[in-house]
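Reader: Could you walk me through reading a sheet, strand by strand? I'd like the general idea and then the case at hand.

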Amino acid sequence: MVSRQRIRKRFWENREKVRVFISGPSGAGKSTIIRKLLESNNNLVLSVSYTTRDPRPGELNGKDYFFVSMEEFEEKIRTGAFLEYARVHDHFYGTSQDWVKEREKSGLDVLFDIDVQGVEQVKKKAPQGCFIFVVPPDMDTLKQRLSLRGTETTESMNLRLRNAMKELAYWKNYDYLVVNDDLERAVHEVSAIMVACRCRAENAIKTLEWLQEIA
Ligand code: 5GP
């Protein structure tokens with residue numbers, strides 16, 4: 001007899017994977033939400049991007065990013081290795097197609113922390129993803145959160161504020177808006193959105209062969 005455990009394992013491996021894209025300006029609290037989601041969801045993994053920026057103290061190659069030179073990054077663009085790529089805050093960032101596919105093959109859903117330009121590219125190619133935009137409750141909170149970031153210099157803080165304003169204008173490109181005024185609620189809302197995306201008929205039907213036959 002096939003054990004319940006094996007049925008469950010097979011279900012997770014065969015079910016349609018969802019790609020969850022979370023963007024939001026610096027100061028929206030996106031990283032904290034992502035960390036909480038990963039802690040509470042074993043089937044979810046965060047995409048590790050390639051970047052041309054230098055590692056910050058404590059960041060590890062292959063865990064936080066793949067840190068590469070501009071030449072290596074350009075080579076990846078040439079060979080079509082990226083699902084999307086963009087220039088953000090003076091550096092280049094790109095998502096590896098192979099990295100994502102490998103994780104999906106092993107039964108995992110992939111979460112992407114990518115900027116608004118990246119999402120714009122992905123949405124054109126694959127609109128069936130789950131596109132979530134995290135925003136702070138208001139402008140004052142955004143400014144306050146940005147100024148509290150001790151690691152930023154004034155120059156970089158001003159650049160982030162300008163970029164935040166530009167990024168906010170992209171809210172219309174997303175399927176869902178999550179207001180991060182209460183962390184627990186925001187995490188709960190993002191989790192619920194992920195479930196809804198998986199159950200969307202266009203996603204769920206892909207693994208329901210018996211139902212596909214019923215026209
Ligand atoms: P940081 O340098 O602070 O780690 O990231 C800066 C910004 O780059 C963040 O807003 C993040 O969402 C964005 N980012 C990180 N990886 C990628 C990626 O692969 N593609 C795109 N388009 N943006 C990314």
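**Reading the sheet from β1**

Author: Let's start with strand β1 (residues 19-23), where 4 of the 5 residues are buried (under 20% relative accessible area, with exposed over 50% and partly exposed in between; 1.4 Å probe, protein chains only). Strands here are DSSP runs of E, at least two residues, and helices are runs of H or I, at least four, numbered from the N terminus. This is a predicted model, where local features need pLDDT of at least 70, side-chain atom pairs count only at pLDDT 80 or more, and totals for chains, interfaces and linings use all residues. Residues are numbered from 1 along each chain as its sequence is written, and side-chain values use heavy atoms, leaving out hydrogens and water.

Reader: Which strands pair with β1, and over how many bridges?

Author: In general, strands of a sheet pair through backbone hydrogen bonds, parallel or antiparallel. Pairing here takes at least two DSSP bridges. β1 runs parallel to β7 (residues 109-112), joined by 3 bridges, with Arg19 opposite Val110 and Phe21 opposite Phe112. With β8 (residues 130-135), β1 pairs in the parallel sense over 4 bridges, and Ser23 stands opposite Phe133.

Reader: What is the strand order in the sheet?

Author: The open sheet has 5 strands, β2-β7-β1-β8-β9, with parallel pairing. β2 (44-46) and β9 (176-179) are the edge strands, each pairing on one side only.

Reader: Which strands does helix α4 touch?

Author: Helix α4 (residues 97-105) packs on the sheet, touching β1, β2 and β7 (contact means heavy atoms within 4.5 Å).

Conventions:
Axes fitted to C-alpha atoms, helices over the stretch in contact; angles between N-to-C directions.
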